[in-house]
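Please look at the sequence and the structure before reading on.

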Amino acid sequence: MIRLPFSKIFPFLFILTSASLYPVPLDPDQKVYQPGETFTEDFIRIDFPEKALVRTESRKRWRAVPLKDRPWLAIWRKLDRVGEETLGTKVLEAVFPDTTPEKFSIYRTEILRWSKEDNSGGNPLQLYFFLLRKEDKAYTFYIAFYKERQDLKEWFSNPNRYLNPQ
């Protein structure tokens, strides 16, 4: 049996212990949101139906996926150029020809919502596309989830889950 003196083991124990006291995220562009924890930026406030990993893909684009089972996906993007939301509306109208978006307003935020059913890999999906505008700021949202999950339909169809009443 090999026996190492404590003086040789102590530095390694110290390094391991101190590393766990001050954890450094493996990727600073991502964060896990617990149920009830909210992502907030500008007039956007997003609640997630379950524990989710949110990854910042760029300065103005994010993606959220649940950490269990992956039954949904949400991607949102800040539109910060003048006229960019008009271009976004035209693109969505091209994707949804002959479909008029639902239009409504919450907390002085104009909301346009398109919805569509699709099939991906044999899985029936429900898709929502949102364009949210408030004053000179705008965001687009893309949300996809399994169609048979009524709880997710109720969760994601409620725009109050995306808006911060400032």
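Two residues are in contact when they have heavy atoms within 4.5 Å. In this predicted model, residues 24 or more positions apart account for 42% of the contacts with a separation of 6 or more.

The protein has 3 helices and 10 strands. Along the sequence they follow the pattern α-β-β-β-β-β-β-α-β-β-β-β-α. Of the 166 residues, 36% are buried. The accessible surface comes to about 10,700 Å², and carbon and sulfur atoms hold 55% of that surface.

The largest nonpolar core has 27 residues, and Phe48, Trp72, Trp76, Leu132, Phe141 and Phe156 touch the most other members.

The largest share, 4 residues, comes from β10. Beyond its neighbours within four places in sequence, Trp76 is in contact with residues including Phe39, Ile46, Phe48, Val54, Trp62, Tyr139 and Phe141. A second, separate core has 11 residues, among them Leu92, Leu125, Leu131 and Ala138.

Is Arg113, with a relative accessible area of 11%, buried or exposed? Arg113 is buried, because its 11% is under the 20% cut-off. This residue is found in strand β8 (residues 109–120). A polar atom of the Arg113 side chain lies 2.6 Å from the backbone oxygen of Ser157. Leaving out residues up to four places away in sequence, Arg113 touches Ser157 and others, including Glu102, Phe104, Tyr128 and Pro159.

Notes. Residues are numbered from 1 along each chain as its sequence is written. This is a predicted model: local features need pLDDT of at least 70, side-chain atom pairs count only at pLDDT 80 or more; totals for chains, interfaces and linings use all residues. Side-chain values use heavy atoms; hydrogens and water are left out. Helices (H or I, at least four residues) and strands (E, at least two) are DSSP runs, numbered from the N terminus. Buried means under 20% relative accessible area, exposed over 50%, partly exposed in between (1.4 Å probe, protein chains only). Accessible areas come from the Shrake-Rupley method with a 1.4 Å probe; for residues, only the protein chains shown count as cover. A polar contact is a pair of N or O atoms within 3.5 Å; within protein, one must be able to donate a hydrogen and the other to accept it, and residues adjacent in sequence count only if both atoms are side-chain atoms. A nonpolar core is a set of buried Ala, Val, Leu, Ile, Met, Phe, Trp, Tyr and Cys residues joined through side-chain atoms within 4.5 Å.
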